Structure formats: structure tokens, C-alpha cells
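Hi everyone, thanks for coming. Let me put the structure up, and then I'll walk you through a few contacts.

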Amino acid sequence: MPHIVCEPCNNCKYTDCVVVCPVECFYEGETMLYIHPDECIDCEACVPECPVEAIFHEDNVPDEWKNYIEINAEKSQDAPVITEKKEPLADS
Ligand code: SF4
Ligand code: SF4
């Protein structure tokens, strides 16, 4: 039962979350990040780091964002890993 990045992450990319992840399981999509479900160890370190509260344990994902469980699983497969904080890409 991994953690899931949900809709509020779209267009944020402050990426405060990635630096605290002990297993480097965040992957960078075009508009948001994804957590690889087979790599996340549920340490919860990333949850309080996210300023928009986009990260939830799979069991606690709000109903309207349940589809992000599948989206994280799919998108994390072919996105590049991200381990360092980046500038937001909103203006690029
Ligand atoms: S801090 Fe939150 S909104 Fe920003 S990239 Fe990480 S999960 Fe997404
Ligand atoms: S819960 Fe822990 S292992 Fe999972 S993505 Fe967040 S920081 Fe990484």
C-alpha cells in the first residue's frame, strides 16, 4: 500500500517532497510527480513536506482522486526519477 500523488500536485513541482524520500521513488511527469508503488516504503516523510497536501496513503486517497492510484502506477514506469528539488516549471 504505497503513497499516491494526487491532483493538487499538478503544476506545482516545488518538489520539496523528493529530497526527503529515503528510497528515491519519485518520478517526474510533465505537470506533476508520481510515486512508484513498488518502491515506496510508506515512511510518510514526504507527506508533511508537500505544501498543497497532494500526497496520501493509498488507503486515504479521497474518492475524487482514486484514479490517481492507477495513474501513479502507470506514469512512474516511464518517467525519469527525480531526487533533487527543482524550480517550479510553471513559467517555462
Ligand atoms: S511538494 Fe507536493 S505538489 Fe509539490 S511536487 Fe511534491 S507532491 Fe507535488
Ligand atoms: S512515503 Fe516515504 S518512501 Fe513513500 S514516497 Fe513518501 S518519502 Fe518516499
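First, a word on burial: a residue is buried under 20% relative accessible area, exposed over 50%, and partly exposed in between, using a 1.4 Å probe and protein chains only. This is a predicted model, where local features need pLDDT of at least 70, side-chain atom pairs count only at pLDDT 80 or more, and totals for chains, interfaces and linings use all residues. Residues are numbered from 1 along each chain as its sequence is written, chains are lettered from A and ligands numbered from 1 in the order in which they are written, and side-chain values use heavy atoms, leaving out hydrogens and water.

Now, phenylalanine 56 and tryptophan 65 are both buried.

Next, the salt bridges, meaning a side-chain nitrogen of Lys or Arg within 4 Å of a carboxyl oxygen of Asp or Glu. How many salt bridges are there by this rule? The count is two. In one of them, lysine 85 meets aspartate 16 at 3.2 Å, N to O. Lysine 85 is partly exposed, at 49% relative accessible area, and aspartate 16 is partly exposed too, at 24%. Lysine 86 and glutamate 28 also meet in a salt bridge, at 2.8 Å, N to O. Here lysine 86 is partly exposed, with 35% relative accessible area, while glutamate 28 counts as buried at 16%.

Finally, the ligands, where near means that a heavy atom of the residue lies within 4 Å. Around ligand 2 there are 13 residues, and Cys21, Cys40, Cys43, Glu44 and Cys46 come nearest. The residues around ligand 1 include Cys9, Cys12, Cys17 and Cys50, and Asp16 is also among them.
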